[in-house]
Amino acid sequence: TWLWRHTWPRRHTWPRRHTWPRRHTWRLTSGRPKRLLVYINPFGGKQQGRRVYEQKVSPLFARAGIATHVIVTEYANHARDHLRTQAELDDFDGVVCVGGDGMFSEVVHGLVWRTQSDAGVDHHSPEAELQPCRLRIGIIPAGSTDCICFATVGTNDPVTSALHIIVGDSQPMDVCSVHHNNTFLRYSISLLGYGFYGDVLTDSERKRWMGPARYDFSGLKTFLTHHYYEGTVSYLPARGIMGNPRDRTKCRAGCLVCQHNGRLHQEQRAEAFSVCVCAECDGEWRTVRGKFLAINAASMSCACPRSPKGLSPAAHLADGTTDLILVRKCSRLDFLRHLLRHTSKDDQFDLAFVDVHRVRRFRFTPRYCQSDSELELDLRENGKRLFSQICRDHPACGCAPAYSSWNCDGEILTHTAIEVGVHCQLIRLFARGIEEPAVFEDFTNPCAI
């Protein structure tokens, strides 16, 4: 019969479903989390954080047998404060944040602070050797830009991020500490910006009533006012490393640059401590004085859907360095050329007024430095003025400001004179880096990995 003729021969019988060799089973389960602490920001982005988690992520965690303890945040820095003092971290294998870059920053601040406190490390010492965090951090994107998720996964898809968490992927990541006069201010994960990006954020905070459109409006206004700021930048170059900010080498999954420079950083730190505790004694600090339109420190590419290349396309996630970008005073047209190159194939650093350095540490001191109390008072007063004329701050009016503000991952710092140090691979994410080649990647470049 037909059925008899098409009976599958016994020698071709398939093995039972889900039968895996023992070595593959170990690889799939060894790094997988079993219990997660989840923080949901219900207010960030389009206020879809809770819906995204309940409909797209929670069912996947349940199917994977992962137990979760969910906390819906009720106010700003709720997750940070809970991680610092109340969370029983020994009961969990990882921390997951559902929200945008601000929510991720809260979790990083809480987890890093808790780790250093438990280890007895002085947060306020710029020279302190911070201890790496034991728990990995997962990001479920539900914010406005989700820059961190885009730079570490390559997409802002909640399901993709959830799968990275389930399989237990691990991606190391650098963190910058920001200090002022031996006082800890904040940690920075992606961008520190003074001048243009600081002014954009400061002005946009005065116009929160405009919603997301305030960023475009404030960006245009800041570009038209065209402020420059005088100051001194001192930096410690990263010596002996693989790669440089202009070699077009993208940070990808299994990045050889991060692996090599990470090992090199550990060796150099051990050598420095065996010779001299102070990292400044090696005499390699360099100083630049001048008038700047923007001073940026990018610890990652800062790529996002609106800017696929980012501020520094060749910046790496875990190489123990940050790319210090100095944009000197120039014409509006030249500055516009620099900004437009962030979205094109042209090298945004190939301009006479732009310098870029890969550094371990740097300091900035404005020429006209107000006292902390005066700066805080000025920020409060400016925050109350929702409407302001563009010409009020225009240099042609003879009222050019003497100082800007630092934009630290979307938060305004109340100090202008700061010291920044990079802590190599301080945290780890549930991610594996971008696996697909970037849109603008140059495959003809022999330095590309």
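Y194, Y229, F362, F364 and W406 form one aromatic cluster in this predicted model, where rings of Phe, Tyr and Trp (its six-membered ring) pair if their centres lie within 6.5 Å, with planes under 30 degrees apart counted as stacked, over 60 as edge-to-face and the rest as tilted. The model is predicted, and local features need pLDDT of at least 70, side-chain atom pairs count only at pLDDT 80 or more, and totals for chains, interfaces and linings use all residues. Residues are numbered from 1 along each chain as its sequence is written, and side-chain values use heavy atoms, with hydrogens and water left out.

**Aromatic pairs**

- The structure holds 11 aromatic pairs.
- In one of them, the ring centres of F196 and F335 are 5.2 Å apart and the planes stand at 75 degrees, so the pair is edge-to-face.
- This pair links distant parts of the chain, with F196 in helix 8 and F335 in helix 11, 139 residues apart; helices (H or I, at least four residues) and strands (E, at least two) are DSSP runs, numbered from the N terminus.
- F196 and F335 are both buried, where buried means under 20% relative accessible area, exposed over 50%, and partly exposed in between (1.4 Å probe, protein chains only).
- The rings of F362 and W406 have centres 6.4 Å apart and planes at 45 degrees, so this pair is tilted.
- F362 belongs to strand 11 (residues 354-366) and W406 to strand 12 (residues 406-408), so the pair links distant parts of the chain, 44 residues apart.
- F362 and W406 are buried.

**Charges over rings**

- R84 lies over the face of W113, at 4.2 Å from the ring centre; a charge sits over a ring if NZ of Lys or CZ of Arg is within 6 Å of the ring centre and within 35 degrees of the ring normal.
- R363 lies over the face of W285, at 4.1 Å from the ring centre.

**Salt bridges**

- A search of the whole structure finds 18 salt bridges, each being a side-chain nitrogen of Lys or Arg within 4 Å of a carboxyl oxygen of Asp or Glu.
- R432 and D169 form a salt bridge, with the closest N and O atoms 2.8 Å apart.
- That pair links distant parts of the chain: R432 is in the segment after strand 14 (418-429), and D169 is in the loop between helix 7 (158-167) and strand 5 (171-180), 263 residues apart.
- R432 is partly exposed, with a relative accessible area of 32%, whereas D169 counts as buried at 11% relative accessibility.
- D347 forms a salt bridge with R246, the closest N and O atoms lying 2.9 Å apart.
- D347 is in the loop between helix 11 and strand 11, and R246 is in the loop between strand 8 (229-237) and helix 10 (256-275), so the pair ties together parts that are 101 residues apart in sequence.
- R246 counts as partly exposed at 42% relative accessibility.
- R363 forms a salt bridge with E419, with the closest N and O atoms 3.5 Å apart.
- Because R363 lies in strand 11 and E419 in strand 14, the pair ties together parts that are 56 residues apart in sequence.
- R363 is partly exposed, with a relative accessible area of 23%, and E419 is buried, with a relative accessible area of 15%.

- Strand 7 (residues 191-195) has 5 of its 5 residues buried, so it is largely enclosed by the rest of the structure.
- Strand 7 runs antiparallel to strand 9 (residues 286-298), and 5 bridges join them; two strands pair if DSSP finds at least two bridges between them.
- L191 stands opposite A298 in strand 9.
- Strand 7 also pairs with strand 12 in the antiparallel sense, over 3 bridges, and Y194 stands opposite W406 in strand 12.
- Strand 4 (residues 136-141) has 6 of its 6 residues buried, so it is largely enclosed by the rest of the structure.
- From strand 4, R136, G138 and I140 point one way and I137, I139 and P141 the other way, and all are buried.
- Strand 3 (residues 94-99) pairs with strand 4 in the parallel sense over 6 bridges, and V96 stands opposite G138 in strand 4.

**Helix 8**

- Helix 8 (residues 196-205) is mostly covered, with 8 of its 10 residues buried.
- The buried residues of helix 8 are F196, G198, D199, V200, L201, T202, D203 and S204.
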